[in-house]
Amino acid sequence: QVPVIHSSPLFPILHSDGMTSLLLSLLLFSPVLAEWPDVHTRTTGKVWPQPRIFLQNDTDVFPFDPNLVKVVTSFSCDIMTSALAGFSKRMSLALSHAGPTKAAPLELHVVVDDDPSCPSSPQMGMVESYSLTVNRTHILLQSAQVWGTIRGLETLSQLAFPSAIGLTMRVSRVEDAPRFPHRGLLLDTSRHFFSVRTIKAIIDLLAQNKFNVFHWHLTDNESFPFKPHAYPEMVKGAFDERHVYSQEDIQSIVAFARLRGIRVIPEIDTPGHTRSWGVGVPSITSRCFDKLGKEDPDRAILDPTNPLTYDVVTALFKELFALFRDRFAHLGGDETSFWITQCWENNKNVTDYMKLWGMNTTTQLQQHYIDRLIGHLTARDMPRRQFIVWQELLDMGMKMNQVIGHVWTGNTKKEQMGNMAKIVKGGHFAILSSCWYLDHISWNIDVKEYYDCDPQDLEGVSEMERGRVLGGEAAMWGEMVDESNALPRIFPRTSAVGEKLWSEEKYTKSVNGDKIWPRLYEWSCRMAERGFPVQPGNGPGYCSFEYQPALPDLNY
């Protein structure tokens with residue numbers, strides 16, 4: 001018999017003319033509009049992403065009052081305490097929307113099988129599977145590790161829906177587990193700065209959608225929004241002193257993500273995309289010249305000939321390794337071809353260095369940089385890390401043992417999957433982003449296109465090689481988004497990516513509007529009702545409780 005840790009009631013509220021013709025033409029001729037459902041066609045009490053096994057009795061419904069729930073468990077952990085508090089808050093909000101509900105008390109039994117202690121942080125390979133049984137008298141949530149408890153509580157929260165009898169649930173049975181271990185979102189905070197509050201909101205939505213990775217693209221040409229202790233002058237590369245993440249900010253975000261089962265993977269892109277580095281420490285970026293010898297101010301690639309370059313990079317990563325708990329780190333490595341000609345090939349200091357070291361090509365020089373970088377980052381006094389790199393480094397033939405290739409190029413599905421196949425056939429693990437670039441937008445609904453992309457849809461590879469696909473990431477690059485539009489740009493479009501990466505292939509291999517839209521409609525409205533500014537997922541429609549933006553006081 002397990003003891004009662006939380007007594008009833010468990011769940012208080014914790015916190016609280018020409019245009020007409022154009023439209024007619026679109027209605028007559030747009031094939032996408034023809035796929036839109038009736039505005040009343042939406043599911044109730046269904047789950048996103050689609051669970052592995054999902055059984056419901058549509059006629060056996062009962063009123064549910066979260067204030068009458070008693071949690072019974074023998075497992076004590078701050079992660080579970082936080083997950084229960086989040087469930088409480090969402091259910092209290094749902095209850096307030098549903099109206100008066102006359103429900104009987106019930107027990108929520110939470111069982112964590114083989115996790116003897118509270119994990120210090122989520123990591124690759126964490127167990128997120130769970131089983132959930134819901135009936136009128138009790139609910140049983142069982143998982144091997146607390147990460148499954150988080151996912152199961154999210155599913156439980158989605159089973160509740162308003163009806164004529166108030167907040168309601170159906171008798172249900174769920175058996176669930178993710179298809180891929182790496183399911184992420186890249187957020188670029190260097191082109192536009194995002195506040196800690198907004199980053200946390202994005203992370204919370206990732207958890208609601210059962211993602212488990214927040215890939216933080218922290219620096220780029222435009223800004224260096226971080227102040228390392230070893231080289232504090234590098235913060236001069238930030239937009240200004242207000243657009244900087246303190247070490248306390250980073251620790252707060254990592255801790256927040258941990259409680260939601262979200263790994264935070266930092267990316268410090270090198271050797272290219274580093275113009276902002278040179279604002280504070282100019283000598284570590286290469287001087288650049290055109291073919292006539294005129295200096296070009298676009299110094300956006302590191303100088304591999306300067307010993308200080310390696311001192312700075314090593315010190316920077318050492319500090320970040322102490323702040324970010326994940327065993328993975330992203331080293332970047334993309335698009336160096338933009339600057340190599342002017343900044344390395346046309347730079348006499350660099351070419352003299354190459355001659356001294358017996359190098360004939362800048363590819364050899366880049367290998368030289370990579371070798372020295374990895375040597376520094378794997379030194380005895382450095383924490384052990386698994387490195388991810390953008391695929392170019394592997395495409396160029398860089399010798400990098402045990403790195404993970406992150407695929408982002410390819411204009412067609414065939415090219416994208418060909419790039420994935422090349423990585424895994426080369427003996428590397430792979431992550432896919434090519435087809436899930438959120439900054440590539442269109443007027444039409446694009447979530448169906450996201451389902452047409454599968455990280456394992458590879459030709460000419462063995463099953464062992466196919467097994468090297470770790471999953472994928474949606475990518476929200478920051479050139480054209482800031483805090484005003486990032487969340488609606490990301491969600492619910494990323495929800496489709498989340499389902500593709502979580503749910504079994506049989507549920508997502510061949511989808512159409514009739515299968516997607518009713519559940520996406522409900523899920524988009526549910527996120528909006530929870531207070532998040534998500535965009536409509538499927539054209540014309542409405543939510544019972546629309547998102548209300550905070551606007552200035554207009555009474556003047």
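# Salt bridges and a pocket

Reader: Which residue does E505 form a salt bridge with, and how far apart are the closest N and O atoms?

Author: E505 pairs with K509 in a salt bridge whose closest N and O atoms are 3.6 Å apart; the term stands for a side-chain nitrogen of Lys or Arg within 4 Å of a carboxyl oxygen of Asp or Glu. Please keep in mind that this is a predicted model, in which local features need pLDDT of at least 70 and side-chain atom pairs count only at pLDDT 80 or more, while totals for chains, interfaces and linings use all residues. Residues are numbered from 1 along each chain as its sequence is written, and side-chain values use heavy atoms, with hydrogens and water left out.

Reader: Is K509 buried or exposed?

Author: K509 is exposed, having a relative accessible area of 57%, whereas E505 counts as partly exposed at 33%. Here buried means under 20% relative accessible area, exposed means over 50%, and partly exposed lies in between, using a 1.4 Å probe and protein chains only.

Reader: And what does D395 pair with?

Author: D395 forms a salt bridge with K422, and their closest N and O atoms are 3.8 Å apart. D395 belongs to helix α11 (residues 392-395) and K422 to helix α12 (residues 413-425), so the pair ties together parts that are 27 residues apart in sequence. Helices (H or I, at least four residues) and strands (E, at least two) are DSSP runs, numbered from the N terminus. D395 is partly exposed at 29%, and K422 is also partly exposed, at 47%.

Reader: How many salt bridges are there in the whole structure?

Author: A search of the whole structure finds 33 salt bridges. R90, E154, D204, R260 and R530 are joined by such bridges into a network.

Reader: New topic: how much space lies in the second largest pocket?

Author: The second largest pocket holds about 380 Å³ of space. On a 1 Å grid over the protein atoms alone, a pocket is an open set of points where a 1.4 Å probe fits, with protein on both sides within 12 Å along at least five of seven lines, and lining residues have an atom within 4 Å of a point. Grid points are joined across faces, edges and corners, and the volume is the space filled by probe spheres set on the points.

Reader: Which residues lie nearest its centre?

Author: Of the 21 residues that line the second largest pocket, F161, P162, E522, R526 and E529 lie nearest its centre. The elements giving two or more residues to this lining are α2 (78-98), β6 (161-163) and α18 (513-529).
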